[in-house]
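The following paragraphs go through one protein model step by step. Please keep the sequence and the 3D view open while reading.

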Amino acid sequence: MRLLTCFTTFALVGLLTAAPSLSDDDKLVITKEFYVQDFIKYKSDHDIVKLLVPLNSLNFDEDDSRSSESNEVDTDIIIFFVEADVQPDGSYIDKGLYVLKEGKAKKLLGNGRDAAASGDSSRKVFFAAKDGLYVYNPATNSAEKYGTITDSIVGIAKEKEGDVIYILTEGREVYKVSDNGEKKELLEDVVKAKKIVLDYESNLYFYSDDNVPYVRTGDGVKKIEGLPEVSGKVTLVKPPFFFEDGVPFVTGNQLYVIYSNGTSELTPIEFQSDTLPTAYAPEAGLIQYYAYDKKIYEYNILALLLGTVIEELGEFLNQKSTDINTIASKHESLKRKIKS
Ligand SMILES: *[C@@H]1O[C@H](CO)[C@@H](O)[C@H](O)[C@H]1NC(C)=O
C-alpha cells in the first residue's frame with residue numbers, strides 16, 4: 001500500500017534548503033496517492049480553506065513536568081480550520097471556523113475566516129471574522145470577542161511573541177493591531193494584499209493582483225526575485241517552526257522558499273495539477289496537516305520514516321533522516337506528542 005506524505009514535503013522544505021541541492025532524480029512529485037485514507041482526521045461537506053496548528057503551550061508545552069515515564073501524556077494536538085464553499089470566481093461563502101480537539105470538531109464562529117496563534121509559552125489563538133477579532137478560550141472551548149475592531153477581516157497573522165497581530169480586511173487593507181486589540185494602524189506600504197503570512201522574525205509576506213510575492217521588513221517593502229512568470233494559482237504558506245526568515249510559496253505547482261532578503265529558492269517538490277492542497281499547516285514540522293477534497297489529513301513524519309513508506313518518499317526522507325532526528329531531539333514536547 002502506498003503511504004504517506006506530503007508532510008514530508010513540507011517539513012522537508014526546510015530541511016532541504018539547509019542541504020546541498022539535489023539532482024533532478026530527487027524531485028518529489030505529489031500525486032493523489034499521497035492523500036492516504038488512513039491519515040484522514042476530519043471530513044467535511046465544504047472546502048477546507050484555512051488550517052492552523054498553534055505552536056504555543058496550547059499544544060506544545062516545553063515546561064511540561066509530566067515526563068516520559070508517565071503513561072498519561074496527552075498526545076492530542078488541537079487544530080483550527082475554516083470551511084467555505086468556494087465559488088467559480090474564487091470567492092468564499094463562509095461555512096464556519098472550527099476547533100478539532102480530541103477528535104471532535106466544534107464550530108466556534110459561523111462567520112470566522114482565519115486563525116493565528118502566538119509561538120511562545122502562552123495559549124493564545126486569535127480569529128478573524130466578518131465582524132472583527134475573537135480570541136480562543138481553552139477552558140470553555142469557545143471564542144470570545146477581542147478588542148474593539150469591527151472590520152470585516154479575511155486574513156490574520158500573529159507575531160511569535162507579544163500582542164501584535166496583522167489583519168487583512170475585506171477591503172484588502174493590512175493593519176497592525178496592538179494594545180489588546182484596541183489600536184489599529186494602516187500599513188500604507190502594503191497595497192491591495194490578497195494574502196498575508198509572517199515569518200518567525202516578524203517579516204510580512206504578501207501578494208496582490210499580479211500574484212507576485214513581496215516582503216515587508218524593517219527596511220520597507222521588497223519584491224521577491226528569481227521566480228518564474230506566474231500563471232495560475234499561487235499561495236503563501238505558514239512556515240515550519242525551524243524556518244527563520246523565509247516562508248514557502250507555491251506557484252505553477254512548484255514549491256519555492258522565499259526569503260526576507262528578497263531571494264527565492266526552488267525546492268525539489270512539485271504537485272500534479274490536481275493535487276494542490278486547499279489549506280496547509282506544516283508549522284509543527286514533524287506532524288503536518290493538509291486539506292484536500294474536503295478532508296483534513298495528518299502526516300506524522302517520524303512514523304513515516306520508520307514505517308512502510310512509499311518507495312520514493314522513503315528514499316527522499318531517508319536522505320534527511322539525520323536532520324529530522326536532530327529537529328526531533330531538540331523539541332521534546334513535540335516528540336512526545338507524535339511518538340506513536
Ligand atoms: C538570503 O537569505 C537566505 C536565507 O537566510 C540565505 O541563504 C541567502 O544566502 C541570502 N542571499 C543573499 C543574496 O543575501
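**A walk through the predicted model**

The side chains of serine 122 and serine 118 are joined by a polar contact of 2.7 Å. The coordinates that give this distance belong to a predicted model. Serine 122 sits in the loop between β7 (112-117) and β8 (125-129). Its relative accessible area is 19%, and a residue counts as buried under 20%, so serine 122 is classed as buried.

Two other loops hold a residue with a positive phi. Asparagine 180 is found in the loop between β13 (174-178) and β14 (183-186). Its phi is positive, about 55°, although asparagine 180 is not a glycine. Aspartate 293 belongs to the loop between β24 (287-292) and β25 (295-300). Here too phi is positive, at about 50°, and the residue is not a glycine. Aspartate 293 has a relative accessibility of 47%, and therefore counts as partly exposed.

From the loops we turn to the strands. Strands of a sheet pair through backbone hydrogen bonds, either parallel or antiparallel. Strand β4 covers residues 79-86. Why is β4 described as largely enclosed by the rest of the structure? Six of its eight residues are buried, so the description follows from that count. Strand β3 (residues 47-52) pairs with β4 in the antiparallel sense, over five bridges. Within β4, valine 82 is the residue that stands opposite lysine 50. β4 also pairs with strand β5 (residues 92-101); seven bridges join these two strands, and they run antiparallel. In this pairing phenylalanine 80 stands opposite valine 99 of β5. β4 and β5 form a hairpin, with five residues between the two strands. Glycine 90 lies in the turn of that hairpin and has a positive phi of about 95°.

Next comes an open sheet of four strands, in the order β15-β16-β17-β18, with antiparallel pairing. Its edge strands are β15 (195-198) and β18 (220-223), each of which pairs on one side only. From one strand to the next the twist averages 25°. Inside this sheet, strand β16 (residues 204-207) and strand β17 (residues 213-217) run antiparallel and are joined by four bridges.

A second open sheet has five strands, ordered β1-β22-β21-β20-β19, and its pairing is mixed. The edges are formed by β1 (28-30) and β19 (234-236), and each of these pairs on one side only. Neighbouring strands in this sheet are turned against each other by 30° on average, with direction ignored. Two of its strands, β20 (residues 246-251) and β21 (residues 254-259), run antiparallel and are joined by six bridges. Glycine 246 stands opposite tyrosine 259, which is in β21.

Tyrosine 259 leads on to the ligand. Which residues are around the ligand? They are Asp245, Tyr259, Asn261 and Thr263. How much of the ligand does the protein bury? Taken alone, the ligand exposes 370 Å², and the protein buries 38% of that. By class, the shell is made up of one nonpolar, two polar and one charged residues. For asparagine 261, an N or O atom of the side chain is 2.3 Å from an oxygen atom of the ligand. For aspartate 245, a polar side-chain atom lies 3.4 Å from an oxygen atom of the ligand.

The last stop is alanine 281, which is located in strand β23 (residues 279-281). Is alanine 281 buried or exposed? Its relative accessibility is 0%, so alanine 281 counts as buried. Alanine 281 and proline 54 are 227 residues apart in sequence, while their C-alpha atoms are 9.8 Å apart in space.

Key:
Residues are numbered from 1 along each chain as its sequence is written. This is a predicted model: local features need pLDDT of at least 70, side-chain atom pairs count only at pLDDT 80 or more; totals for chains, interfaces and linings use all residues. Side-chain values use heavy atoms; hydrogens and water are left out. Two strands pair if DSSP finds at least two bridges between them. Axes are lines fitted to C-alpha atoms, for helices over the stretch in contact, and angles run from 0 to 180 degrees between N-to-C directions. A residue is near a molecule or strand if one of its heavy atoms lies within 4 Å of it. A polar contact is a pair of N or O atoms within 3.5 Å; within protein, one must be able to donate a hydrogen and the other to accept it, and residues adjacent in sequence count only if both atoms are side-chain atoms. Accessible areas come from the Shrake-Rupley method with a 1.4 Å probe; for residues, only the protein chains shown count as cover. Ala, Val, Leu, Ile, Met, Phe, Trp, Tyr, Cys and Pro count as nonpolar, Asp, Glu, Lys and Arg as charged, and the others, Gly among them, as polar. Buried means under 20% relative accessible area, exposed over 50%, partly exposed in between (1.4 Å probe, protein chains only).
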